[in-house]
Amino acid sequence: MTEDDGRRVALITGGSRGLGAGLVTAFLDADYCVETCSRSSTDAVREWESVHPDRFHFTAADVSQPHDADRFVKEATARRGRIDVLVNNAGVARDGVISLFRDEPIDQVIDLNLKGTIYVTRAASRVMLRRHAGSIVNISSVVGLSGYRGLSVYSATKAALDGFTRALARELGSRGITVNSVAPGYLRTEMSHGLDEDQLGQITRRTPLGRLGDPEDVARAVLFLVDPSNRFITGQVLVVDGGLTS
Ligand code: NAP
């Protein structure tokens, strides 16, 4: 595949499961070439590899490590010749009260959610700058806006991502690159398995639309923001939470 093929190319971190898998599916359905990465493969990844051998590629990479983040972007660019879309989705949540937090989970959450996003964006922006075009979407979270008891470190990284989005939108706008955040509410993925039934019931009751979100709800918002016809939207945080924080 080369730039001459003209098909749009999306890089999506953490696409092996959860929201990332929903994003990969939605971008493949929208006829994109999709490059994704995570630390390990899954059945979903093997299925895409066999159904879309030309349009889908998986790289084993830990994007909290700068070398891996650079390698993911470099190999994808060598294969596809361009990057139209970057979705920084890979993230991890570790909960606990702040007074008892150990160093290791603090580092893990900051290294992936914040530093990993910065490493991948740094590498991908160099490719986008060459073509004066591109769209970057950072997956943050409503807890970065409203906070959540026991998720202080995670919430701090998500609020930081929204700041990163706003600053980069100013830095890259004149170079034809849009940067937005999508802030999901609570989704049905492995990450929300850390919440107990009481917490999930409470969240559902407080949500005007009366349910948790699905990966497809978020994927539709991401596709909207990266659609070439929506190129006057940048520096925004689009909340997709069924009205929870309204
Ligand atoms: P998930 O089900 O735990 O999936 C996380 C994905 O990221 C997996 O593909 C995982 O694969 C990958 N990943 C983890 N560590 C990685 C690393 N160091 N390098 C590369 N990939 C890595 O999480 P999710 O619920 O889909 O969450 C996706 C995003 O949505 C996150 O940014 C999260 O903060 C955000 N979000 C989720 C919710 C929710 O309710 N679930 C709500 C708001 C926002 P490996 O483990 O194999 O690496």
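**Notebook: pockets and ligand**

I took helices (H or I, at least four residues) and strands (E, at least two) as DSSP runs, numbered from the N terminus. The model is a predicted one, in which local features need pLDDT of at least 70 and side-chain atom pairs count only at pLDDT 80 or more, while totals for chains, interfaces and linings use all residues. Residues are numbered from 1 along each chain as its sequence is written, and side-chain values use heavy atoms, with hydrogens and water left out.

**Entry on the largest pocket**

I noted a pocket as an open set of points on a 1 Å grid over the protein atoms alone, with protein on both sides within 12 Å along at least five of seven lines; lining residues have an atom within 4 Å of a point. The largest pocket has a volume of about 1,200 Å³, a volume being the space filled by probe spheres set on the points. I found 48 residues in its lining, and Gly91, Val92, Ala93, Tyr154 and Met191 lie nearest its centre. Helix 1, strand 2 (33-38), helix 4 (103-131) and helix 6 each supply at least two residues of this lining. By class, the lining has 18 nonpolar, 20 polar and 10 charged residues. Here Ala, Val, Leu, Ile, Met, Phe, Trp, Tyr, Cys and Pro count as nonpolar, Asp, Glu, Lys and Arg as charged, and the others, Gly among them, as polar.

**Entry on the ligand**

I then asked which space the ligand takes, and that space is the largest pocket. The ligand is surrounded by 27 residues, the closest being Ser16, Arg17, Leu19, Tyr154 and Thr189; a residue is near if one of its heavy atoms lies within 4 Å. Helix 1 (18-29) and helix 6 (152-172) each supply at least two residues of this shell. A polar backbone atom of glycine 14 is 3.1 Å from a ligand oxygen atom. A polar side-chain atom of serine 16 lies 2.7 Å from an oxygen atom of the ligand, and one of aspartate 62 lies 2.7 Å from a nitrogen atom of the ligand.

**Entry on the second largest pocket**

The second largest pocket has a volume of about 240 Å³. I counted 13 lining residues, with Tyr148, Tyr186, Gln202, Ile203 and Arg206 closest to its centre. Helix 7 provides the largest share of this lining, 4 residues.

Methods. A polar contact is a pair of N or O atoms within 3.5 Å; within protein, one must be able to donate a hydrogen and the other to accept it, and residues adjacent in sequence count only if both atoms are side-chain atoms. On a 1 Å grid over the protein atoms alone, a cavity is a set of points where a 1.4 Å probe fits but cannot get out, and a pocket is an open set with protein on both sides within 12 Å along at least five of seven lines; lining residues have an atom within 4 Å of a point. A molecule sits in a cavity or pocket if more than half of its atoms lie within 2 Å of its grid points.
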